[in-house]
Amino acid sequence: MQTEYISAFNVVIGVLWRFWPVWVALILVMGASFSYKKRLGLYGQLFDSGVGIAGVFICLFWLFTAIFASTISPFDPLAQVSVMKDTLPGAIEPASKLVYYFGGDKLARDVFSRMVYGSQIVLIIAPAATGFALMVGITLGLPAGYYGGKIDTLLSFLANLVLAFPVILLFYLLVTPGIMDTPIPYAMAGLFFLFPIIFFCVLFWTRYKNRPDRLYILLGITLVVGGWIYAGLVFDKDPLHIVHIDPNQLNIFVAVVFASSPGVFRIVRGLTMDIKTRDYVAAAQTRGESPWYIMLWEILPNARGPLIVDACLRIGYTTILLGTLGYFGLGLAPESPDWGTAIKDASRLLRSFIHPALPPTIALMSFVLGLNLLADSLREQSMKD
């Protein structure tokens, strides 16, 4: 059976049309952001520069793509139609008459749909893992920088010990398939996933310890929600079957947190050592505030600028790292539509078919570019502050 194709112009128009939920969401969010930017604080200030606008636009584009992936994609990313193997962009699938806009890969799967669904994996693992790394780094970096002494020496030694390993080698050791047969990933997950619960409990306790009516409510919500998420992520025992993470994804998640936390720790420690000498910290000490209150409510808010910038850059680094791991076939399942795995699968036939490799490569590059632009704009704003 001879495959039918549509023209290149129709391919472009068709792709743009498939993204219609993204365009609608972008118009609404960007329009509201411009209208109320003076009231939106740091986020609103991003719209004062072209770099900030470009960074927000690109990041929101991929965020909405991940959210509306099932609407945008014409095919299941794992579905195989034998006659569509290695078809060129614009091929028409005979049965459904739907178009393989970016062609088919070597297993006859729709490249466009796999690119779209790949954004979900990237936007779940990279930001979430970076968020947990921030929680770990902040929780340990604040006391190390504030107290100094033996606490600082011990924690700094442990951080430098992890940083001494080459990143790629460290990830290779942590995400090899055999390690999932050991309790190491689950033990590390059980430790790392405690930090957000500890952080928010201490945060609310230091702020509302003299207001038990509000304190008990916030602590109760933190323990219930935190325990629910903890049970789902670490033990896969969510009673509502909402919170779940595949073993391969948990492996990568833990590896990212383990490798990223020492870098966050060193940044927080350095900022704390600088900020704790400021006059407003001395004023809080004179008022008799506890050390943890000073760390969480005086020092941390004034360190938010560099930490936000670092978080954006770290998400970009994690995205590249996920692509690298996928390229080497580590971590995620071989049939996963993540961008790194898609690039790896397509790279084996580059001399014959280049079209399957381009969409995930451009997607990965554009998302990291958006994060870097966002970080540059945030850095400029934090320097002004």
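Which residues of α11 are buried? The legends below take up that question first, then turn to other parts of this predicted model.

**View 1. Helix α11 and its buried residues.**
The buried residues of α11 are L215, L219, T222, G226, Y230, A231, G232, L233 and V234. The helix has 23 residues. From its first C-alpha to its last, α11 reaches 31 Å. That is close to the 33 Å expected at 1.5 Å a residue. The cover over its buried residues includes α6, α9 (184-192), α10 (194-208) and α12. D236 follows α11 and has a positive phi, near 55°.

**View 2. A nonpolar patch on the surface.**
I217, I221, V224, V225 and I229 make up this patch. Together they have about 430 Å² of accessible area. One of them, I217, sits in helix α11, which runs over residues 212-234. Is I217 buried or exposed? I217 has a relative accessible area of 54%, so it is exposed. The cut-off for exposed is over 50%.

**View 3. Helix α7, seen along its length.**
Helix α7 covers residues 149-163, 15 residues in total. At 1.5 Å a residue, α7 should span 21 Å. Its end C-alpha atoms are 21 Å apart, which agrees.

**View 4. Helix α7, seen by its burial.**
D152, L155, S156, A159 and V162 are buried in α7. Seen down the helix axis, the buried residues of α7 fall within an arc of 120°, so they line one face. On the other side, K150, T153, L154 and F157 are exposed. What lies over the buried residues of α7? Their cover includes α6 (111-147), α8 (167-175) and α12 (247-275).

L155 belongs to helix α7. Its relative accessible area is 18%, so L155 is buried. The cut-off for buried is under 20%. Which residues does L155 touch, leaving out those up to four places away in sequence? They are L140, A144 and F265.

**View 5. The salt bridge between D345 and R109.**
How many salt bridges does the structure hold? There are ten. In one of the bridges, D345 pairs with R109, and the closest N and O atoms are 3.6 Å apart. D345 lies in helix α16 (residues 339-347), while R109 lies in the loop between β2 (99-100) and α6, so the pair ties together parts that are 236 residues apart in sequence. D345 and R109 are both buried.

**View 6. D345, K344 and a network of charges.**
D345 also forms a salt bridge with K344, at 3.9 Å from N to O. Both of these residues are buried. Which residues do shared partners join into one network? Salt bridges link D105, R109, R114, K344 and D345 in this way.

**View 7. The salt bridge between R278 and D274.**
Here the closest N and O atoms of R278 and D274 are 2.8 Å apart. R278 counts as partly exposed, at 34% relative accessibility. D274 also counts as partly exposed, at 41% relative accessibility.

**View 8. D86, a residue with a positive phi.**
Most residues other than glycine have a negative phi. D86 is not a glycine, yet its phi is positive, near 55°. Where does D86 lie? D86 is in the loop between α5 (69-72) and β1 (91-92). Its relative accessibility is 15%, so D86 counts as buried.

**View 9. A108, with another positive phi.**
A108 is a residue other than glycine, and its phi is a positive value near 65°. A108 is found in the loop between β2 and α6. That loop also holds R109, the partner of D345 in a salt bridge. With a relative accessible area of 3%, A108 is buried.

How values were computed
Residues are numbered from 1 along each chain as its sequence is written. This is a predicted model: local features need pLDDT of at least 70, side-chain atom pairs count only at pLDDT 80 or more; totals for chains, interfaces and linings use all residues. Side-chain values use heavy atoms; hydrogens and water are left out. Helices (H or I, at least four residues) and strands (E, at least two) are DSSP runs, numbered from the N terminus. The expected span of a helix is 1.5 Å times one less than its number of residues. Buried means under 20% relative accessible area, exposed over 50%, partly exposed in between (1.4 Å probe, protein chains only). The arc is that of the directions from the helix axis to the C-beta atoms. Contact means heavy atoms within 4.5 Å. Patches are made of residues with over 30% relative accessible area and no salt bridge: like charges are joined within 9 Å, nonpolar side chains (Val, Leu, Ile, Met, Phe, Trp, Tyr) within 5 Å. Accessible areas come from the Shrake-Rupley method with a 1.4 Å probe; for residues, only the protein chains shown count as cover. A salt bridge is a side-chain nitrogen of Lys or Arg within 4 Å of a carboxyl oxygen of Asp or Glu.
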